[in-house]
Amino acid sequence: MRMAYLYFTDMKKLMICFVLLLCSGYVMAQKDSLQMDENNTYVYYKVVNQVTVPETEVYRRAWDFARNLNRNSRPEKGQAEHAFNISGSFLVYSGTSLMRKESGAVSYLFNFQAADGRYRFKFGNFKFIPYKRDRYGNMVPVSGISTPIEKLADAYTQKERDAYFDQIAANCIYLDKLLKQAIYGTEIKKVPAKAIKVNTGKW
């Protein structure tokens with residue numbers, strides 16, 4: 001009976017370790033989707049090839065997608081043909097899932113360009129705006145503070161930075177998925193594998 005109990009206990013510990021390992025691998029996979037560009041700043045950058053949708057239609061659909069990123073702003077046309085950019089932001093949280101609170105917002109710049117049979121896009125210029133609780137108990141932005149995420153180490157612990165970077169990556173992955181759905185409709189094409197170091201000035 002004791003041997004059976006020990007076996008059950010050991011198996012339980014093994015399963016817990018396995019779940020933790022899977023979770024840590026998932027977190028690392030998200031963080032790895034952020035890349036360092038030629039300016040040593042963090043970006044989420046992709047080039048998608050073999051696009052069957054016409055170039056002008058890809059541009060129009062991506063433009064419509066971008067308008068929903070920021071209802072208070074419109075996309076601005078870029079210097080290149082069929083290119084635009086728009087700013088946006090999303091919230092990041094701290095604490096456990098049951099006790100989490102809004103820790104701040106991360107602003108970003110979204111760049112997009114369509115070409116013949118391909119398109120590319122980048123989320124970059126990430127800046128963290130911390131939140132504080134006002135006298136009414138609401139979480140509001142701290143006025144005058146906006147920190148590039150590359151400099152978060154100056155004011156935040158490793159644990160806090162890991163949590164923020166993971167949420168930034170998760171939000172970019174989610175927006176990437178929405179962009180593909182906007183361009184292809186229900187058909188989502190497989191995108192090429194991403195590199196950790198990228199040069200966003202080249203296709």
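Contact here means heavy atoms within 4.5 Å. This is a predicted model, where local features need pLDDT of at least 70, side-chain atom pairs count only at pLDDT 80 or more, and totals for chains, interfaces and linings use all residues. Residues are numbered from 1 along each chain as its sequence is written, and side-chain values use heavy atoms, with hydrogens and water left out.

- Helices (H or I, at least four residues) and strands (E, at least two) are DSSP runs, numbered from the N terminus.

**L179**
- L179 sits in helix α3.
- Its relative accessible area is 0%, so L179 is buried (under 20%; exposed is over 50%, partly exposed in between; 1.4 Å probe, protein chains only).
- Beyond neighbours within four places in sequence, L179 contacts A62, F65, F110, F112, Y119 and F121.
- L179 and A66 are 113 residues apart in sequence, yet 8.5 Å apart in space, C-alpha to C-alpha.

**F123**
- Neighbours within four places in sequence aside, F123 contacts Y42, V43, Y44, Y108, L109, F110, C172 and L175.

**K46**
- K46 belongs to strand β2.
- K46 is buried, at 11% relative accessible area.
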